[in-house]
Amino acid sequence: MVVREAISSTDLEPFRRELTGYCYRMLGSGFEAEDAVQEAMLRAWRNQDSFEGRSSLRSWLYRIATNVCIDMHRQVQRRARPMEMGPSSPPDVSLLGPVLPEATWVTPIADAQVAPEHADPAEVAQYRESIRLAFVTALQHLPARQRASLILCEVLRWQVSEVAELLDTSVAAVNSALQRARATLRSVEPEGGIEPLDGPDAELLARYVDAFERYDIETLVTLLREDAVQSMPPFELWLQGARHIGEWMVQPGPDECRGSRLVATSANGSPAFGQYRRDPAGGYMPWALQVLEISAGEIVGMSFFLDLLDHERLFPTFGLPLHLDG
């Protein structure tokens with residue numbers, strides 16, 4: 001009889017980062033991914049007697065995390081981005097609409113939570129492509145088991161036989177799921193991915209920060225591709241076109257962002273900024289997490305996740321303070 005040592009939190013903790021990335025792709029929410037990994041770790045510790053050692057501890061944890069994600073996914077609607085909810089709007093603040101629940105949206109995740117700690121440039125590029133907001137949103141169109149199959153096989157590079165064992169199914173069933181998943185993604189995922197960032201991109205971002213903090217919208221618009229898109233969860237409204245984005249920013253309401261400060265971070269393999277608006281009590285308070293997409297030296301996407309629903313959780317998750325001094 002083989003006697004196994006008890007599984008401790010020390011044994012489980014090294015898997016937290018990769019499990020968080022997996023659960024995020026499954027669920028489309030940084031907050032839910034954290035909760036799912038915590039639940040998976042708890043289930044593993046509570047049910048360690050069921051771990052027979054025939055598979056690796058890593059595989060066993062992924063099996064538990066997959067079941068947690070499937071259970072969580074049954075309880076909510078499919079998360080989306082504003083661009084899936086309807087056509088773009090003219091730059092008219094009266095069309096902004098109501099604040100929709102957090103569960104409506106695909107939300108960002110901090111690279112510090114999920115990015116590979118030690119990776120070569122090819123692995124970094126693959127990570128950035130697999131975590132971008134458009135790809136994670138496309139994944140949400142897949143049934144949960146198709147989604148798990150595709151993430152495990154094509155993102156994490158598991159063997160089909162390993163995935164079949166994890167999902168308690170056959171190799172043929174996994175291959176069929178992959179075929180259907182690929183077809184769905186081709187029909188829903190926007191063309192184009194994230195390109196490697198280089199020196200000129202750093203200069204572009206510096207010019208963006210300078211223009212935004214000075215609220216020089218005329219200059220800021222020159223940094224955008226002509227067909228650039230801006231979205232603002234938790235609102236359904238989104239804008240397309242550099243000219244429309246510029247017109248939006250000088251309207252009453254958005255114009256209150258004048259005088260903001262930006263603090264750099266990173267999200268979903270993309271450059272990001274914490275935006276702080278002036279606090280009437282002094283200094284600056286959190287307002288939005290800005291996630292930018294860059295292609296060919298231009299900004300092509302601006303996702304502004306407004307900090308309206310969970311003031312104490314969003315900014316700290318990205319290593320951003322809850323207040324800036326004036």
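Reader: What lies over the face of tryptophan 287?

Author: Arginine 277 does, at 3.6 Å from the ring centre. A charge sits over a ring if NZ of Lys or CZ of Arg is within 6 Å of the ring centre and within 35 degrees of the ring normal.

Reader: What is this based on?

Author: This is a predicted model: local features need pLDDT of at least 70, side-chain atom pairs count only at pLDDT 80 or more, and totals for chains, interfaces and linings use all residues. Residues are numbered from 1 along each chain as its sequence is written, and side-chain values use heavy atoms, with hydrogens and water left out.

Reader: Which charged end sits over the ring of tyrosine 284?

Author: That of arginine 261, 5.2 Å from the ring centre.

Reader: Why is the pair of tyrosine 208 and phenylalanine 273 called tilted?

Author: Rings of Phe, Tyr and Trp (its six-membered ring) pair if their centres lie within 6.5 Å; planes under 30 degrees apart count as stacked, over 60 as edge-to-face and the rest as tilted. Here the centres are 6.0 Å apart and the planes stand at 35°, so the pair is tilted. The pair links distant parts of the chain. Tyrosine 208 is in helix H12 (residues 199-214) and phenylalanine 273 in strand E4 (residues 270-278), 65 residues apart. Helices (H or I, at least four residues) and strands (E, at least two) are DSSP runs, numbered from the N terminus.

Reader: What makes tyrosine 208 count as buried?

Author: Its relative accessibility is 0%. Buried means under 20% relative accessible area, exposed over 50%, partly exposed in between (1.4 Å probe, protein chains only). Phenylalanine 273, at 6%, counts as buried too.

Reader: What makes the pair of phenylalanine 212 and tyrosine 215 edge-to-face?

Author: The angle between the planes is 85°, and the rings are 5.9 Å apart centre to centre. Phenylalanine 212 is buried at 1%, and tyrosine 215 is buried at 5%. Ring pairs link Tyr208, Phe212, Tyr215, Phe273 and Phe304 into a cluster. The whole structure holds seven aromatic pairs.

Reader: How many disulfides does the rule give?

Author: The count is zero. A disulfide is a pair of cysteine sulfur atoms within 2.5 Å. For cysteine 23, the nearest cysteine sulfur is that of cysteine 69, 3.5 Å away, and cysteine 23 is in no disulfide. Cysteine 23 is buried, at 0%. Cysteine 153 is in no disulfide either, with the nearest cysteine sulfur, that of cysteine 69, 16 Å away. Cysteine 153 counts as buried at 9%.

Reader: How many cavities of 30 Å³ or more does the rule give?

Author: One. On a 1 Å grid over the protein atoms alone, a cavity is a set of points where a 1.4 Å probe fits but cannot get out, and a pocket is an open set with protein on both sides within 12 Å along at least five of seven lines; lining residues have an atom within 4 Å of a point. The largest cavity has about 30 Å³ of space. Its lining includes Arg81, Leu133 and Phe305.

Reader: How much space lies in the second largest pocket?

Author: About 480 Å³. Grid points are joined across faces, edges and corners, and a volume is the space filled by probe spheres set on the points. The second largest pocket is lined by 20 residues, with Glu18, Val114, Pro116, Gln126 and Leu156 nearest its centre. Helix H7 gives the most to this lining, five residues.
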